[in-house]
Amino acid sequence: MLVWSSMESQLIEYKESWRDEYLKWICGFANAQGGLLYIGKRDDGSVCGVKDSKKLMEVLPNLIRDTLAVVADVDLLDENGLPYIRITVDASPYPVNYKGEYHYRSGSTKQELKGNALSRFLLKKTGLSWDAAVIDKTDISTFRNDAFDIFREQARLSARMAEKDVFVSNKMLAEKLDLLSDGNVTRAGVLLFHHNPEKWVTGAWIKIGFFADDATILFQDEIHGALLQQVDRIMDLLYTKYLTAPISFKGITRVEKYPYPKDAVREALLNAIVHKNYGSFTPIQIRVYKDKLRIANDSILPDGISPDQLINEGKSRPLNPKIANAFFRAGYIESWGRGIQEIRDMCKSYGNPTPDFKVDADAVFVTFYSLAEIAGTDKDVAQDVAQDVAQDKSIETRIVELIKKDNKISREKIAKEIGVSKKTIERQLAKMRDKIQFIGRGYSGHWEIVK
């Protein structure tokens, strides 16, 4: 029920005369709680009268309907012989736009919704999630099998789908996960399984860099491809290239302990992927320092959940429920809403300080702090890692050169030509799997350099 006041408010706006631009105010009322627009009243609510009132009474109903596709009651009123018009606007259950612009009444002002605010508004009004929208002219049969095979194996292990529903064609599997509509693939389907989702969704990738300080980056990498492949790739990269594990011994047992618990970092990364606002066109960003690791992710908080509730109470609703469902079926995530507490618990168990969580209207930041004994002893970690990266790049360059000369060259011969162990070559090839692929079975295939 609307409660009216004599002063301008959330529900009332006064205008002394009519201008067609005031259709934006009607649009704003329709997109919010509804309201009253008076024509022929001053800001204080006093009546000044309106010229051509009879003509406006004929024009306005059709103008509002034809421009905004809404029906508003337009009434001619009189006070002390001064005519004025009252336009009553009901809240619309659907998004209303004025020439492609979405306006919204907030307090006693009107604002045009853009960016994240517009995304949130449209999702709320339509009742649909962003990832449920269909991308026209997409054919699941053109997708590579890589991500589908990863999902099948993980879903088999997690037992969260019956095997009869998992080991079917790619199209049938996508249908089981509700990723198709009239034969076209949803945004979630493209992000989860297509080898190049950035063809449709800019920013669907992860950027990682090693920083000496906030202003100085020593080196960086990018992870592209299907979301289901990005997780393992970024974890492999983090724990083979960016993080070092000091060696200690318990009796005769060699112990390597990384500065951050893998499970906690993986959970934070999965949360970032599932809750990311892919409409922001910005990749997930991971900054690695000698004593901390920070994951930054553009996101939108669900309506009714404050930053404090998200962090301290664990309240959460996935921004991309179809993506979240696929990750759940694959066993990558457990229950929705427990992620932050699980990360805290894992860091505590591992011996790390409690990570920081910062949430604002448009982004979520998670900062892990290194184990004290590792942060204190690895004074020159940046320089050491930089040297390792330089060596890796040198080996990578030589591998590419050798494969260009002979695309059937064996790993043993590559190692011999470069002068390193076969194990070193295997490790380097694993890092280069986005650049080089081995096609075939066993040793009977050939190398291909991915463009």
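This is a walk through the model, stop by stop, with something to select at each one.

**Before you start**

You're looking at a predicted model, where local features need pLDDT of at least 70, side-chain atom pairs count only at pLDDT 80 or more, and totals for chains, interfaces and linings use all residues. Residues are numbered from 1 along each chain as its sequence is written, and side-chain values use heavy atoms, with hydrogens and water left out.

**The whole chain**

Colour by secondary structure to begin with. The chain comes to 16 helices and 19 strands; these are DSSP runs numbered from the N terminus, with helices being H or I of at least four residues and strands E of at least two. Of the 451 residues, 44% count as buried. Here buried means under 20% relative accessible area, exposed means over 50%, and partly exposed is in between, using a 1.4 Å probe and protein chains only. Contacts are heavy atoms within 4.5 Å. Among those between residues at least 6 apart in sequence, 62% join residues at least 24 apart.

**Stop 1**

Select 134-135, 180-181 and 184-186. Strands pair if DSSP finds at least two bridges between them, and these three form an open, antiparallel sheet in the order E7-E9-E8. Strands E7 (134-135) and E8 (180-181) are at the edges with a single partner strand each, so one side of each has no neighbour in the sheet. Now zoom in on E8 and E9 (184-186): two bridges join this antiparallel pair. Leucine 180 is the residue opposite valine 185 in E9.

**Stop 2: helix H6**

Pick asparagine 170, which has its place in helix H6 (residues 170-176). Asparagine 170 is buried, at 15% relative accessible area. Show its surroundings: leaving aside residues up to four places away in sequence, asparagine 170 touches Ile140, Asn145, Phe148 and Arg152.

**Stop 3: aromatic pairs**

Show every Phe, Tyr and Trp. Rings of these residues (for Trp, the six-membered ring) pair if their centres lie within 6.5 Å; planes under 30 degrees apart count as stacked, over 60 as edge-to-face and the rest as tilted. The structure holds 16 such aromatic pairs. One of them is tyrosine 22 with tryptophan 25, edge-to-face at 5.5 Å centre to centre with 90° between the planes. Tyrosine 22 and tryptophan 25 are both buried.

Next, select tyrosine 260 and phenylalanine 368. This aromatic pair is edge-to-face, 6.5 Å centre to centre and 65° between the planes. Tyrosine 260 is in the loop between strand E13 (253-256) and helix H9 (262-275), while phenylalanine 368 is in strand E17 (residues 363-369), so the pair ties together parts 108 residues apart in sequence. Tyrosine 260 is buried, with a relative accessible area of 1%, and phenylalanine 368 is buried with a value of 1%. For a cluster, bring up Tyr14, Tyr38 and Tyr84, which are linked by ring pairs.

**Stop 4: charges over rings**

A charge sits over a ring if NZ of Lys or CZ of Arg is within 6 Å of the ring centre and within 35 degrees of the ring normal. Select phenylalanine 211: the charged end of arginine 287 sits over its ring, 4.1 Å from the centre. Then go to tyrosine 289, where lysine 292 lies over the face at 4.9 Å from the ring centre.

**Stop 5: cysteines**

Show the cysteine sulfurs. Searching the whole structure for disulfides (cysteine sulfur atoms within 2.5 Å) turns up zero. Cysteine 48 is partly exposed, with a relative accessible area of 23%, whereas cysteine 347 counts as buried at 1%.

**Stop 6: positive phi in two loops**

Jump to aspartate 52, which has a positive phi of about 55° although it is not a glycine. Aspartate 52 is in the loop between strand E2 (35-39) and helix H2 (53-68), and counts as exposed at 57% relative accessibility. Lysine 99 is also a residue other than glycine with a positive phi, near 55°. You'll find lysine 99 in the loop between strand E4 (82-89) and strand E5 (103-106), exposed at 67% relative accessibility.

**Last stop: helix H16**

Finish on residues 422-431. The buried residues of H16 are Thr424, Ile425, Gln428 and Leu429. Look down the helix axis: these buried residues fall within an arc of 130°, so they line one face of H16. That arc is taken from the directions from the helix axis to the C-beta atoms.
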